[in-house]
Amino acid sequence: MSTALLAPHPFGDLITEASLTEKFSHFHQWEDRYRQLIQLSRQLPALPEDLKSAEIELTGCENRVWLSSQLQSNGTLHFYGDSEGRIVRGLLAVLLTAVEGKTPAALLQQDPLALFDTLGLRAQLSASRSSGLQALADAVQRAARQHI
């Protein structure tokens, strides 16, 4: 188990589900939510090249996406990732906010995409982005099962 975080980020810690819910509650147009996703993508630090391995690259996404996790000494999972696309990076940031710092058992009891519904994001996604989002959620569930 690790205590030093690989690829630290502010999501799930400084940027929380509550803060995103508050921010997105002011947006009534898809364009405003879209702009906010781009802003979130800018807050996700780039994943170092040595962490962008084929083992953590996901299939089923519009853009190249990497997502992995590490088990922390307190039993929670730290997730980290990156994408080549701005919108996908923003979606990844929302996902990281929803899953960061939770135990594997807690992650298996929740829908990793519930926050997307709360924020009004999932309904507006194209079929290919929805498929990619599901691939991200599936990767979270696989990581949780791996550490149970």
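Predicted model: local features only at pLDDT ≥ 70, side-chain atom pairs only at ≥ 80, totals over all residues.
Let's start with the cavity. With a cut-off of 30 Å³ or more, the count comes to one cavity, and the volume of the largest cavity is about 50 Å³. Its lining is made up of Cys61, Glu62, Val88, Leu91, Ser128, Arg129, Gly132, Leu133 and Leu136. Two elements give two or more residues each to that lining: helix H3, which covers 86-99, and helix H6, which covers 127-146. H6 has the largest share, with five residues. Sort the lining by class and you get five nonpolar residues, two polar and two charged.

Now for how those helices sit against each other. Two packed helices are described by the angle between their axes and the distance between the axes. For H3 and H6, the angle is about 35 degrees and the axes lie 11 Å apart. Their crossing is right-handed. On the H3 side, the contact is made by Ile87, Val88, Leu91, Leu92, Leu95 and Val99, while H6 brings Arg129, Leu133, Leu136 and Val140. That contact has nine nonpolar residues, one charged and no polar ones.

Notes: Residues numbered from 1 in each chain as written. Heavy atoms only, no water. 1 Å grid on protein atoms, 1.4 Å probe; cavity = no way out; pocket = protein on both sides within 12 Å on 5 of 7 lines; lining within 4 Å. Points joined across faces, edges and corners; volume = space filled by probe spheres on them. Helix = DSSP H or I, 4+ residues; strand = E, 2+ residues; numbered from the N terminus. Nonpolar A, V, L, I, M, F, W, Y, C, P; charged D, E, K, R; others polar. Axes fitted to C-alpha atoms, helices over the stretch in contact; angles between N-to-C directions. Left-handed = near helix turned anticlockwise from the far one by under 90°. Contact = heavy atoms within 4.5 Å.
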